[in-house]
Amino acid sequence: TGCPQLEWSRRVTPGGRAYFDHVAIAVEQWSDGYPVFVTTLGGRWIGGGSAGEFAPAQIGFSDGVKVELLQPGTVADGFVARFLKRCGPGPHHLTFMVPNLDNFVAATTRYGLPLLGAFLDVPERPETFVHPKGSGFGTLLQAIQFSDLGPDPSPPQDFPKSGTRSHHLSWVAVRVAHLKHAADFLVEATDASVNPAETGARSALLEWEGDRRLLLLDGSGGGIGVDHIAFHAQGAEPPSPRSALTEAHDMGIVDSTGVRIIVCR
(Lines give C-alpha, C1' and ligand atoms only; values in the text may rest on other atoms or scores of the structure.)
Protein backbone atom coordinates (compact mmCIF):
# COMPACT_ATOMS: atom_id res chain seq x y z
CA THR A 1 0.00 0.00 0.00
CA GLY A 2 1.45 3.37 -0.96
CA CYS A 3 1.50 6.19 1.55
CA PRO A 4 2.40 9.88 1.49
CA GLN A 5 5.64 11.27 2.86
CA LEU A 6 5.11 11.74 6.57
CA GLU A 7 4.37 15.35 7.41
CA TRP A 8 4.38 16.46 11.02
CA SER A 9 1.54 18.76 12.03
CA ARG A 10 0.81 20.69 15.19
CA ARG A 11 -1.43 19.02 17.73
CA VAL A 12 -2.53 19.54 21.30
CA THR A 13 -0.88 17.15 23.74
CA PRO A 14 -1.62 16.70 27.42
CA GLY A 15 0.87 18.11 29.85
CA GLY A 16 1.80 17.01 33.33
CA ARG A 17 2.21 13.31 34.01
CA ALA A 18 3.64 10.67 31.69
CA TYR A 19 1.36 8.09 30.12
CA PHE A 20 1.23 4.96 27.95
CA ASP A 21 0.41 6.10 24.40
CA HIS A 22 0.39 3.15 21.99
CA VAL A 23 1.52 -0.31 20.98
CA ALA A 24 3.21 -0.55 17.58
CA ILE A 25 2.82 -3.59 15.31
CA ALA A 26 5.03 -4.33 12.32
CA VAL A 27 3.02 -5.35 9.22
CA GLU A 28 3.78 -5.84 5.55
CA GLN A 29 1.23 -3.12 4.74
CA TRP A 30 -1.17 -1.03 6.77
CA SER A 31 -4.21 -2.67 5.23
CA ASP A 32 -3.24 -5.97 6.89
CA GLY A 33 -4.41 -4.46 10.18
CA TYR A 34 -7.60 -2.82 8.93
CA PRO A 35 -9.95 -5.86 9.14
CA VAL A 36 -9.41 -6.47 12.85
CA PHE A 37 -8.57 -3.02 14.22
CA VAL A 38 -10.91 -0.91 12.07
CA THR A 39 -13.72 -3.07 10.66
CA THR A 40 -14.17 -5.37 13.68
CA LEU A 41 -13.06 -3.21 16.62
CA GLY A 42 -14.09 0.22 15.30
CA GLY A 43 -10.73 1.98 15.34
CA ARG A 44 -10.45 5.36 13.61
CA TRP A 45 -7.66 6.93 11.58
CA ILE A 46 -5.40 9.26 13.60
CA GLY A 47 -2.54 9.94 11.17
CA GLY A 48 0.46 8.55 9.36
CA GLY A 49 2.79 8.56 6.38
CA SER A 50 6.29 7.52 5.31
CA ALA A 51 9.36 8.50 7.32
CA GLY A 52 12.15 6.80 5.36
CA GLU A 53 12.95 3.59 7.21
CA PHE A 54 9.35 3.10 8.31
CA ALA A 55 5.81 4.26 7.66
CA PRO A 56 3.59 4.52 10.76
CA ALA A 57 -0.21 4.66 10.75
CA GLN A 58 -1.98 5.29 14.03
CA ILE A 59 -5.42 3.81 14.73
CA GLY A 60 -7.27 5.30 17.71
CA PHE A 61 -9.87 3.80 20.02
CA SER A 62 -12.51 5.21 22.31
CA ASP A 63 -10.22 5.63 25.30
CA GLY A 64 -7.44 7.44 23.45
CA VAL A 65 -4.98 4.54 23.42
CA LYS A 66 -3.68 3.81 19.92
CA VAL A 67 -2.45 0.90 17.85
CA GLU A 68 0.32 1.95 15.48
CA LEU A 69 0.74 -0.09 12.29
CA LEU A 70 4.34 0.01 11.03
CA GLN A 71 4.97 -0.90 7.41
CA PRO A 72 8.34 -0.58 5.63
CA GLY A 73 9.13 2.92 4.40
CA THR A 74 10.96 4.10 1.31
CA VAL A 75 14.39 2.85 2.47
CA ALA A 76 14.88 -0.61 0.98
CA ASP A 77 16.50 -2.18 4.04
CA GLY A 78 15.02 -0.08 6.84
CA PHE A 79 14.52 -1.42 10.35
CA VAL A 80 10.87 -2.41 9.78
CA ALA A 81 11.79 -4.40 6.67
CA ARG A 82 14.59 -6.11 8.61
CA PHE A 83 12.25 -6.86 11.51
CA LEU A 84 9.65 -8.41 9.20
CA LYS A 85 12.29 -10.50 7.45
CA ARG A 86 13.61 -11.77 10.79
CA CYS A 87 10.41 -12.14 12.80
CA GLY A 88 7.40 -11.72 10.52
CA PRO A 89 4.46 -9.48 11.46
CA GLY A 90 4.10 -8.83 15.16
CA PRO A 91 4.45 -6.41 18.08
CA HIS A 92 7.40 -4.06 17.64
CA HIS A 93 7.39 -1.54 20.50
CA LEU A 94 5.48 0.21 23.28
CA THR A 95 5.49 4.01 23.41
CA PHE A 96 5.26 6.29 26.44
CA MET A 97 4.87 10.06 26.38
CA VAL A 98 6.92 11.74 29.11
CA PRO A 99 7.22 15.39 30.25
CA ASN A 100 10.99 15.16 30.72
CA LEU A 101 13.14 12.72 28.75
CA ASP A 102 16.15 13.23 31.03
CA ASN A 103 14.15 11.91 33.98
CA PHE A 104 13.14 8.83 31.98
CA VAL A 105 16.77 8.19 30.99
CA ALA A 106 17.89 8.61 34.60
CA ALA A 107 15.35 5.97 35.66
CA THR A 108 16.69 3.51 33.06
CA THR A 109 20.17 4.00 34.55
CA ARG A 110 18.97 3.40 38.10
CA TYR A 111 17.23 0.18 37.02
CA GLY A 112 20.11 -0.99 34.83
CA LEU A 113 18.16 -0.95 31.56
CA PRO A 114 20.21 -0.47 28.35
CA LEU A 115 19.28 2.31 25.91
CA LEU A 116 19.44 2.26 22.12
CA GLY A 117 19.95 5.08 19.64
CA ALA A 118 16.83 6.69 18.18
CA PHE A 119 15.52 5.37 14.86
CA LEU A 120 13.93 8.67 13.90
CA ASP A 121 15.29 12.16 14.43
CA VAL A 122 12.31 14.49 14.48
CA PRO A 123 13.13 18.14 15.33
CA GLU A 124 11.35 19.34 18.48
CA ARG A 125 10.53 15.75 19.49
CA PRO A 126 13.28 14.20 21.70
CA GLU A 127 12.96 10.45 22.13
CA THR A 128 14.87 7.40 23.29
CA PHE A 129 14.56 3.59 23.16
CA VAL A 130 15.15 0.83 25.70
CA HIS A 131 16.64 -2.46 24.50
CA PRO A 132 13.94 -5.18 24.23
CA LYS A 133 15.88 -8.15 25.60
CA GLY A 134 18.38 -6.39 27.84
CA SER A 135 15.49 -4.71 29.66
CA GLY A 136 13.60 -7.94 30.30
CA PHE A 137 10.48 -6.61 28.55
CA GLY A 138 11.01 -8.63 25.37
CA THR A 139 9.79 -5.71 23.26
CA LEU A 140 11.28 -2.32 22.48
CA LEU A 141 10.26 0.57 24.76
CA GLN A 142 10.07 4.07 23.29
CA ALA A 143 9.84 7.27 25.32
CA ILE A 144 8.94 10.55 23.60
CA GLN A 145 9.11 13.89 25.34
CA PHE A 146 5.87 15.86 25.15
CA SER A 147 5.63 17.99 22.04
CA ASP A 148 2.90 19.51 19.90
CA LEU A 149 3.95 17.57 16.81
CA GLY A 150 1.82 14.79 15.35
CA PRO A 151 1.45 12.85 12.09
CA ASP A 152 -0.63 14.35 9.31
CA PRO A 153 -4.28 13.29 9.85
CA SER A 154 -5.24 12.64 6.20
CA PRO A 155 -6.38 9.00 5.80
CA PRO A 156 -5.30 6.90 2.80
CA GLN A 157 -7.85 6.20 0.08
CA ASP A 158 -8.15 2.51 1.00
CA PHE A 159 -8.91 3.18 4.68
CA PRO A 160 -12.21 1.40 5.41
CA LYS A 161 -15.23 2.67 7.27
CA SER A 162 -14.92 1.97 10.99
CA GLY A 163 -17.09 -0.77 12.42
CA THR A 164 -20.45 0.15 13.85
CA ARG A 165 -19.43 -0.94 17.36
CA SER A 166 -16.47 0.99 18.76
CA HIS A 167 -14.21 -0.57 21.35
CA HIS A 168 -11.84 0.50 24.06
CA LEU A 169 -8.34 -0.92 24.22
CA SER A 170 -8.62 -2.62 27.63
CA TRP A 171 -4.93 -3.37 28.11
CA VAL A 172 -1.78 -4.58 26.40
CA ALA A 173 -0.39 -7.68 28.13
CA VAL A 174 3.40 -8.09 28.25
CA ARG A 175 5.37 -11.02 29.61
CA VAL A 176 8.45 -9.74 31.44
CA ALA A 177 11.50 -11.49 32.84
CA HIS A 178 11.36 -9.81 36.26
CA LEU A 179 7.83 -8.76 37.22
CA LYS A 180 8.51 -6.51 40.23
CA HIS A 181 11.55 -4.89 38.62
CA ALA A 182 9.57 -4.07 35.47
CA ALA A 183 6.60 -2.71 37.42
CA ASP A 184 8.78 -0.59 39.70
CA PHE A 185 10.63 0.86 36.70
CA LEU A 186 7.44 1.89 34.91
CA VAL A 187 6.01 3.41 38.09
CA GLU A 188 9.10 5.60 38.46
CA ALA A 189 9.81 6.35 34.80
CA THR A 190 6.28 6.79 33.41
CA ASP A 191 4.09 7.78 36.39
CA ALA A 192 2.20 4.47 36.29
CA SER A 193 0.03 3.40 39.22
CA VAL A 194 -0.25 -0.22 40.34
CA ASN A 195 -3.81 -1.51 40.75
CA PRO A 196 -3.51 -3.60 43.96
CA ALA A 197 -6.74 -5.51 43.38
CA GLU A 198 -5.43 -6.79 40.04
CA THR A 199 -1.83 -7.43 41.12
CA GLY A 200 -0.33 -10.57 42.59
CA ALA A 201 2.65 -12.88 42.41
CA ARG A 202 2.18 -13.63 38.70
CA SER A 203 0.82 -10.38 37.27
CA ALA A 204 0.63 -6.62 37.83
CA LEU A 205 -1.87 -4.20 36.30
CA LEU A 206 -0.39 -0.75 35.68
CA GLU A 207 -2.69 2.19 35.00
CA TRP A 208 -2.49 5.77 33.77
CA GLU A 209 -5.16 8.45 33.53
CA GLY A 210 -7.76 7.81 30.85
CA ASP A 211 -8.08 4.04 31.31
CA ARG A 212 -4.64 3.39 29.79
CA ARG A 213 -3.44 0.04 31.08
CA LEU A 214 -0.59 -2.44 30.75
CA LEU A 215 -0.92 -5.93 32.19
CA LEU A 216 2.52 -7.26 33.12
CA LEU A 217 2.72 -11.06 33.29
CA ASP A 218 5.43 -13.19 34.86
CA GLY A 219 7.60 -14.46 32.01
CA SER A 220 10.44 -15.80 34.14
CA GLY A 221 9.70 -19.29 32.83
CA GLY A 222 10.64 -18.22 29.29
CA GLY A 223 9.02 -16.30 26.47
CA ILE A 224 8.95 -12.53 27.09
CA GLY A 225 7.31 -9.78 25.04
CA VAL A 226 3.78 -8.69 24.12
CA ASP A 227 1.39 -11.56 24.87
CA HIS A 228 -1.95 -10.13 23.69
CA ILE A 229 -4.05 -7.00 23.28
CA ALA A 230 -7.45 -6.94 24.97
CA PHE A 231 -10.49 -4.86 23.99
CA HIS A 232 -13.95 -4.24 25.41
CA ALA A 233 -17.03 -2.59 23.94
CA GLN A 234 -17.52 1.15 24.24
CA GLY A 235 -19.88 2.01 27.09
CA ALA A 236 -18.88 -1.01 29.17
CA GLU A 237 -16.81 -0.70 32.34
CA PRO A 238 -13.10 -1.53 31.98
CA PRO A 239 -12.92 -5.28 32.65
CA SER A 240 -10.96 -6.98 35.39
CA PRO A 241 -8.15 -9.05 33.83
CA ARG A 242 -8.53 -11.73 36.49
CA SER A 243 -12.15 -12.44 35.60
CA ALA A 244 -12.35 -11.23 31.99
CA LEU A 245 -9.71 -13.58 30.64
CA THR A 246 -11.79 -16.59 31.63
CA GLU A 247 -14.88 -15.22 29.85
CA ALA A 248 -13.35 -13.36 26.90
CA HIS A 249 -13.51 -14.28 23.24
CA ASP A 250 -9.97 -15.19 22.24
CA MET A 251 -9.55 -14.44 18.54
CA GLY A 252 -6.13 -16.07 18.64
CA ILE A 253 -3.23 -14.72 16.65
CA VAL A 254 -4.43 -12.67 13.69
CA ASP A 255 -1.97 -13.91 11.06
CA SER A 256 -1.57 -10.66 9.12
CA THR A 257 -0.58 -8.80 12.30
CA GLY A 258 1.07 -11.56 14.35
CA VAL A 259 -0.84 -10.36 17.41
CA ARG A 260 -3.15 -12.30 19.72
CA ILE A 261 -6.41 -10.36 20.14
CA ILE A 262 -8.86 -10.89 23.03
CA VAL A 263 -12.31 -9.28 23.19
CA CYS A 264 -13.74 -9.08 26.70
CA ARG A 265 -17.45 -9.58 27.17
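Predicted model: local features only at pLDDT ≥ 70, side-chain atom pairs only at ≥ 80, totals over all residues.

Q: Why is glutamate 68 called buried?
A: Its relative accessibility is 7%. Buried means under 20%. Glutamate 68 therefore counts as buried. The residue lies in strand S5, residues 66–72.

Q: How do you know that the side chain of glutamate 68 makes a polar contact, and with which side chain?
A: The partner is the side chain of glutamine 58, at 2.8 Å. A polar contact needs a pair of N or O atoms within 3.5 Å, so 2.8 Å qualifies. Gln58 is also among the residues that glutamate 68 touches, along with His22, Val23, Ala24, Ile25, Pro56, Ala57 and His93, leaving out residues up to four places away in sequence.

Q: What makes one side of helix H3 the buried side?
A: The buried residues of H3 (residues 101–110) are Leu101, Phe104, Ala107 and Thr108. They cover an arc of only 120 degrees around the axis, so they sit on the same side of H3. On the other side, Asp102, Asn103, Thr109 and Arg110 are exposed, a label that takes over 50% relative accessible area.

Q: What covers the buried residues of H3?
A: The cover includes strands S6 (90–98), S7 (115–116), S8 (127–130) and S9 (140–145), together with helix H4 (179–190).

Q: Which residues of the largest nonpolar core touch the most other members?
A: They are Phe37, Leu94, Val172, Leu216 and Ile261, out of 58 residues. H4 gives the most to this core, with six residues. Another core, of 10 residues, lies apart from it; Leu217, Ala230, Ile262 and Cys264 are among its members.

Q: What is leucine 94 in contact with, leaving aside neighbours within four places in sequence?
A: Its contacts are Phe20, His22, Val23, Thr139, Leu140, Leu141, Gln142, Val172, Val174, Leu214 and Val226.

Q: Why are S12 and S16 edge strands?
A: The open sheet has seven strands in the order S12-S13-S14-S11-S15-S17-S16, with mixed pairing. S12 (193–195) and S16 (249–254) each have a single partner strand, so one side of each is left without a neighbour in the sheet. The twist averages 25 degrees from one strand to the next.

Q: How do you know that S12 and S13 pair?
A: Three bridges join S12 to S13 (residues 203–208). Pairing takes at least two bridges, so these strands pair. They run antiparallel. Asparagine 195 has leucine 205 in S13 as its bridge partner.

Q: Which strands does H4 lie across?
A: H4 lies across S11 (167–176), S12, S13 and S14 (212–218). It runs at about 155 degrees to S14.

Methods. Residues numbered from 1 in each chain as written. Heavy atoms only, no water. Buried < 20%, exposed > 50% of the residue type's maximum accessible area, 1.4 Å probe, protein only. Helix = DSSP H or I, 4+ residues; strand = E, 2+ residues; numbered from the N terminus. Arc of directions from axis to C-beta. Contact = heavy atoms within 4.5 Å. Core = buried A, V, L, I, M, F, W, Y, C linked by side-chain atoms within 4.5 Å. Axes fitted to C-alpha atoms, helices over the stretch in contact; angles between N-to-C directions. Polar contact = N/O pair within 3.5 Å; in protein donor to acceptor, adjacent residues only side chain to side chain.
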